[in-house]
Amino acid sequence: VSLSTLKILLDGGANPNAFKAAALCHAAIGANSKVADMLFEAKVPLTPTSLGAALPHVLRITNSMTRLTLTRKFVEAGALPLEVNRALVHAITAFPTDVSLQGALATAADTSDGEALSLSVSMESAETMDMLLAKSQSSVETRSAMLSRAMEVKKRTARHRMCRSLL
């Protein structure tokens, strides 16, 4: 489908959420920012459920700048916080040094399960942990549990930084 045909369909009221947001998922799979932008501007707004369904595909984009740009767009448009948290956990594992991507996800993620924070400690990533502590909420119980785990970190400088941040 050409962009002009897509525009005609969307202007005519085609629903970009149809078929489990297939159009948005395919735009993400193809890393096609132009198509994604057109879907975001459609008469029928994208739903949080549709954004959440397509978000995992965005994280498979190989170009880091395109991945970050589309991730921000999906998060800012209102992807479901639990879906954003799943994406955050995946990003910490798959892209451990991409703190920009992790930060974009952390701003809207429901991190109340503590999984992202726990993962950052187990991966001995003080930078990711600091970002999570700054951008998301965590309970006293979660922080205490993470402090115990941080004390077991092998690298002295990382252990020191993590423990200091959790106190």
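The largest cavity in this predicted model holds about 60 Å³ of space. A cavity here is a set of points, on a 1 Å grid over the protein atoms alone, where a 1.4 Å probe fits but cannot get out; grid points are joined across faces, edges and corners, and the volume is the space filled by probe spheres set on them. By this rule, one cavity of 30 Å³ or more turns up. Its lining residues, those with an atom within 4 Å of a point, are Thr111, Ala116, Leu117, Leu132, Leu133, Ser136, Gln137 and Ser138. Helices α8 (115-122) and α9 (126-135) are the elements that give two or more residues to this lining, helices being DSSP runs (H or I, at least four residues) numbered from the N terminus.

As for open space, the largest pocket comes to about 260 Å³. A pocket is an open set of points with protein on both sides within 12 Å along at least five of seven lines. Sixteen residues line the largest pocket, and Leu6, Leu9, Ala23, Val35 and Leu39 lie nearest its centre. Helices α1 (3-11), α2 (18-29) and α3 (33-40) each put in at least two lining residues, and α2 gives the most, with six. The pocket lining has 14 nonpolar residues, two polar and no charged.

Turning to the packing, the largest nonpolar core has 54 residues, of which Leu24, Phe74, Leu88, Leu105 and Leu132 touch the most other members. Such a core is a set of buried Ala, Val, Leu, Ile, Met, Phe, Trp, Tyr and Cys residues joined through side-chain atoms within 4.5 Å. Helix α6 (residues 81-94) brings the largest share of this core, six residues. Leaving out residues up to four places away in sequence, Leu88 touches Gln102, Leu105, Ala106, Ala109, Thr111, Ala116 and Leu132, a contact being heavy atoms within 4.5 Å.

Asn85 also sits in helix α6. Asn85 counts as buried because its relative accessibility is 4%, where buried means under 20% relative accessible area (1.4 Å probe, protein chains only). Beyond its neighbours within four places in sequence, Asn85 is in contact with Ala109, Asp110, Thr111, Asp113 and Ala116.

Residues are numbered from 1 along each chain as its sequence is written, and side-chain values use heavy atoms, with hydrogens and water left out. Local features need pLDDT of at least 70 and side-chain atom pairs count only at pLDDT 80 or more, while totals for chains, interfaces and linings use all residues.

Methods
Nonpolar A, V, L, I, M, F, W, Y, C, P; charged D, E, K, R; others polar. Buried < 20%, exposed > 50% of the residue type's maximum accessible area, 1.4 Å probe, protein only.
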